Amino acid sequence: MKGQALLFISILLLGSVMGQVSYTIPEEITKGSFIGNIAQDLGLETKRLTSGKARIYSRDSDDYIELNRERGVLLVKERIDREVLCRQTTPCALHFQIILENPMEFYSVTVQITDINDNKPTFEEGEIKFKISESAFIGTTFVLERAADLDVGINAVQSYELKPTDNFALKLHNNADGNNNVEMVLQQPLDREKQEQISLVLTAVDGGEPHMSGTMLIVITVLDANDNAPVFTQPTYKATVTENSPKGTIVATISASDADNGSNGKITYSITNMLDDVRKVFRMNRDSGDVTLIGNIDFEESRHFQINVRASDDGGLTDSCKLIVDVQDINDNRPDINIMSKSTVISEDAKLNTVVTMINIEDRDTGENGKVQCFISENVPFILKTSTTNFYSLVTDSELDREILSECNITVTCSDEGVPSLSSSVTLTLQISDVNDNAPVFERSSYEAYIVENNTPGLSIFTVKARDADWNQNARVSYILEDSSVNGVPVSSYVSVSADSGVIHAVRSFDYEQIKDFHIRVKAQDGGSPPLSSNVTVKVLIKDKNDNPPQVLYPVQTGGSLVAEMVPRSVDVGYLVTKVVAVDVDSGQNAWLSYKLQKATDRALFEVGLQNGEIRTIRQVTDKDAVKQRLTVIVEDNGQPSRSATVIVNVAVADSFPEVLSEFTDFTQDKEYNDNLTFYLVLALAVVSFLFITCLVVIISVKIYRWRQSRVMYHSNLPVIPYYPPRYSDTLGTGTLQHVYNYEVCRTTDSRKSDCKFGGAGSQNVLIMDPSSTGTMQRIQSEKSILDEPDSPLEVRLL
């Protein structure tokens, strides 16, 4: 039925990812014709076809069949001609696979193409001629050419008719291959004298509906007697030839004999095949009967040939035989590797047995030559698994780690078992995508950072560095200062950490004498989801700086009393007078102290120990040496730059205490006298300066007062109308101002610091009304020079 599919479905489940569906359709149906609902037959939803990007994979079927994903049906893509597609092969079928992704699946589909009667029988030649002797015996047979019909089965040639049937009848012989040998049998003797030439029509009819036919004209020339036909030595010959044999190879030699003599016994050989391509591959030597190879023989295209040979003598008598040529296969085809579906990227956390590629292998050879084994390169975390014959899946065999292997080149090699073996290979490149499975790692387990005290806030102290073996955003490291405290103070008030670079900055200036070291914890966190992190401890040590001068502990310097060391005149050289004791709160070499004698009443008498500060005599004391000796000792540290302190040591060179007392009493009185004189001089200078400034201020104030009074209080002949502002009291106390207030305003150059004071009741009058006056208001101008000075305090009193 043209335009309508005859549907036959058989589903065979092969594992969890394979199914097989078969359909049957007639040839020549129109483009777009419905073949079958593949989604329903496979038990799939149509949205699975869309999401899985379903497609047809085939070597030769994609030009004829198309898949409609939205409807889930198979449609005819192009007109299908069974005779072009399969020739005489039956059954004729298209084989292909439906490939799905995410996850990868494939299903095998077979579409059988049934024949329709669209070709009529044809003869290779429209006319054939025979020369038959008039002496031919009744029953003599003549082999006729068979008609060729591209259709198969019932639509192929089913019968022959020969007309007219006065002298000849038609005889058919069934062969083992299902074809018929057509022979013409002499029924009535021929008489050349009556009819020298006879014309017959051979008609071939097929079995299709409607019947179709083809005709051939047979022209018979009646000859004089030739009563012996050629005879082959055997009805069927067999030969073997290896595929890819060179042209010119003699495949077989056919031999026939004729009992006649002369021209009637001369035999001519010919090949009578009309339907197939035998004449394009083989050639018959007309005289010798040698069958020679003239074309290429490929086992994968044709495994055997049947050559129909006819032997004819010059008298027109013939005989026929068959030559069966078997083609031997050699290993001349490499395995063909076809990638059905593949992934180029796989996540490193993919599960075991995850399918990344599906492969189809085909070797056109047969037997051992067609058996194929596939394997992949070593040291890769993948293996090949076979799901069915010639189908392989590349799956994960172990856990993936992008940090060890970020890109994998997998070479798939397939070899057959022929001799010599042939192989093919293909290389698959697979990128392994990253997941956040590695935490940042610091270069060291702990760090020590040093900073010199008295640093500038914001100074860079140290840099911590962590590396993340992951990639891209997962390897982006941020640094965070973890919360903690140092001596009860948050660590963030001491240092800060740059989130991007890991640089540790000082937030404050450090003092070695207050804090010598402290610990912080820095966390390195990557940018993955969820983020991973690690911690490291950084010990910050404060380095000392020479910022403290030495402090003298002994001798104690007092302001009120005088302390002196007593040295008898009878002491020996090197006598220990005293020892200057000093300390430095710095550390290290900044606290190393040295002592030097800066000034002395007699430098030749005493010396100071450089390291210990001991003051000793360096010569014998004599009577000429003064009793009062004043030594100035400088104490220096070893810092850069060095700092120092000085101390005055009083030494009394005497044998008795009264002598020392008399000498140092005068010294004290002189010192007190000098101090008192200085004090009185300073006090006198201060008093004189104060008096001068006071006089100057008074003179200026008087001048200003007079100038203002001359402007306000002037004489006029016009009467003055008294004016009483609201709430001002009169002289009788009967006004509206119920209270008397004092207002004191203090002004400074900065108006924001001005002050205003509200006092209590006062007794001074600013405005006074004289009861004896005639209505004029006497205005008393108080001194307001202070108003004109912006830097002076202002006092205003209102009655």
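The model is predicted. Strand S23 spans residues 318-328 and pairs with S16 in the parallel sense, while its pairing with S22 is antiparallel. Arg402 is located in a loop between two strands, S29 and S30, and its side chain makes a polar contact with that of Asp434.

**Strand pairing around S23**

- Strand S16, residues 236-242, is joined to S23 by seven bridges in the parallel sense.
- Within this part of the model, Val241 has Val327 of S23 as its bridge partner.
- Strand S22, residues 304-313, is joined to S23 by nine bridges in the antiparallel sense.
- Opposite Phe305 stands Val325, a residue of S23.
- The hairpin of S22 and S23 has four residues between the strands, and Gly316 in this hairpin adopts a positive phi near 95°.

**Arg402: position and burial**

- The loop that holds Arg402 runs between strand S29 (391-396) and strand S30 (407-416).
- Arg402 counts as buried because its relative accessibility is 12%, and the cut-off for burial is under 20%.

**Arg402: polar contacts and neighbours**

- The side chains of Arg402 and Asp434 form a polar contact at 3.2 Å.
- A polar atom of the Arg402 side chain lies 3.0 Å from the backbone oxygen of Ala469.
- With neighbours within four places in sequence left aside, Arg402 is in contact with Glu348, with Ile432, Ser433 and Asp434, and with Ala469, Asp470 and Trp471.

Technical notes. Residues numbered from 1 in each chain as written. Predicted model: local features only at pLDDT ≥ 70, side-chain atom pairs only at ≥ 80, totals over all residues. Heavy atoms only, no water. Pairing = 2+ DSSP bridges. Buried < 20%, exposed > 50% of the residue type's maximum accessible area, 1.4 Å probe, protein only. Polar contact = N/O pair within 3.5 Å; in protein donor to acceptor, adjacent residues only side chain to side chain. Contact = heavy atoms within 4.5 Å.
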